[in-house]
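Subject: Structure handed over, with notes

Dear colleague,

Please find the structure below, and keep it open beside you while you read the notes that follow it.

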Amino acid sequence: MAQAIVIKNLRKEYGSKVAVKDISLRVEEGKIFSLLGVNGAGKTTTIRVLTGLSRPTDGEVRIFDKDLKSELQEIKKLCNLSPQETAIAPNLTVKENLEFIAEIYGFSRSKAIEKVRQIIEDFSLQEVEDNKAKTLSGGWQRRLSIAMALVTEPKLLFLDEPTLGLDVLARRELWRSIEKLKGRVTIVLTTHYMEEAESLSDSIAVMVKGEIKAQGSVEELKLQTGKDNLEDAFIAIAE
Ligand SMILES: Nc1ncnc2c1ncn2[C@@H]1O[C@H](COP(=O)(O)OP(=O)(O)O)[C@@H](O)[C@H]1O
Ligand SMILES: [Mg+2]
């Protein structure tokens with residue numbers, strides 16, 4: 001199986017603070033991979049480094065077999081990020097937000113319209129497509145934000161806490177949208193919701209204070225800890 005991401009001994013320091021402590025991991029192409037950890041564990045820092053927003057202090061990262069340091073521009077063409085903070089233009093409609101991104105990325109007008117039509121369908125955004133983004137609920141805004149990250153047809157998509165602050169129903173809706181992408185796009189998501197990691201991921205890495213304490217499928221993590229659910233396994237790992 002081809003590897004989308006291979007990380008060796010990645011380290012990120014902010015002054016004397018070690019946010020990411022020599023982590024190593026692999027993400028297989030086409031899979032959904034979750035970084036699971038409490039607030040401050042180092043999830044966002046890891047994503048920022050992998051997407052080139054922040055420079056690693058040390059270590060080696062290869063994305064689709066390209067080196068993060070020397071081939072960042074090539075890597076950026078293959079990846080996109082939906083950040084922890086939703087990034088949408090509040091006064092544009094849902095459709096306009098998507099078309100705006102498509103045009104920034106150089107799609108012709110007719111191609112942009114076609115692309116946006118398809119994404120609106122994939123993400124079931126039809127009922128809100130002419131509404132201004134600022135009038136949408138949190139759940140719809142997150143959905144739009146992720147849809148915007150897909151306009152460029154990335155091979156690798158980073159979702160940083162995609163369901164943060166959403167109610168239970170909106171969260172489930174968003175899980176369904178993410179599941180639809182399975183196999184087409186490699187997805188790295190961060191979350192502190194156990195049921196989210198359990199429901200969506202092919203594999204999970206548990207981050208605790210900047211370190212990866214355990215890795216594997218949900219079943220493997222349960223087996224490793226002798227627990228029968230992910231939450232108990234997480235607690236056993238985190239302690
Ligand atoms: N720009 C920064 N400067 C200093 N410390 C930071 C910065 N960003 C994150 N940190 C620290 O690094 C640690 C990991 O943070 P973060 O990656 O945001 O965790 P998570 O996303 O898992 O909640 C935390 O202790 C946080 O305070
Ligand atoms: Mg974070």
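I would begin with the ligand, bearing in mind that this is a predicted model. An oxygen atom of ligand 1 lies 3.2 Å from an N or O atom in the side chain of Lys17. The backbone takes part as well, for an oxygen atom of ligand 1 is 2.7 Å from a polar backbone atom of Gly40, and an oxygen atom of ligand 1 is 3.2 Å from a polar backbone atom of Ala41. Taken alone, ligand 1 exposes 560 Å², and the protein buries 61% of that area.

Which residues are around ligand 1? They are Tyr14, Lys17, Ala19, Val38, Asn39, Gly40, Ala41, Gly42, Lys43, Thr44 and Thr45. Sorted by class, this shell holds four nonpolar, five polar and two charged residues. If you trace the shell back to the elements of the fold, you will find that strand E2 (17-28) and helix H1 (43-50) each supply at least two of its residues, and that H1 gives the largest share, namely three residues.

Is Ser54 buried or exposed? Its relative accessible area is 10%, and because buried means under 20%, Ser54 counts as buried. The side chain of Ser54 is also joined to the side chain of Lys12 by a polar contact of 3.3 Å.

Finally, a word on the protein as a whole, which has nine helices and ten strands. Its radius of gyration is 18 Å, close to the 18 Å that the globule rule gives for 239 residues, so the protein is as compact as a globular protein of that length. The C-alpha trace spans about 50 × 40 × 35 Å along its principal axes, and buried residues make up 49% of the 239 residues.

With best wishes

Definitions and conventions. Residues numbered from 1 in each chain as written. Chains lettered and ligands numbered in written order. Predicted model: local features only at pLDDT ≥ 70, side-chain atom pairs only at ≥ 80, totals over all residues. Heavy atoms only, no water. Near = heavy atom within 4 Å. Polar contact = N/O pair within 3.5 Å; in protein donor to acceptor, adjacent residues only side chain to side chain. Areas by Shrake-Rupley, 256 points an atom, 1.4 Å probe, with all protein chains shown as cover. Helix = DSSP H or I, 4+ residues; strand = E, 2+ residues; numbered from the N terminus. Nonpolar A, V, L, I, M, F, W, Y, C, P; charged D, E, K, R; others polar. Rg over C-alpha atoms; globule rule 2.2 N^0.38 Å. Buried < 20%, exposed > 50% of the residue type's maximum accessible area, 1.4 Å probe, protein only.
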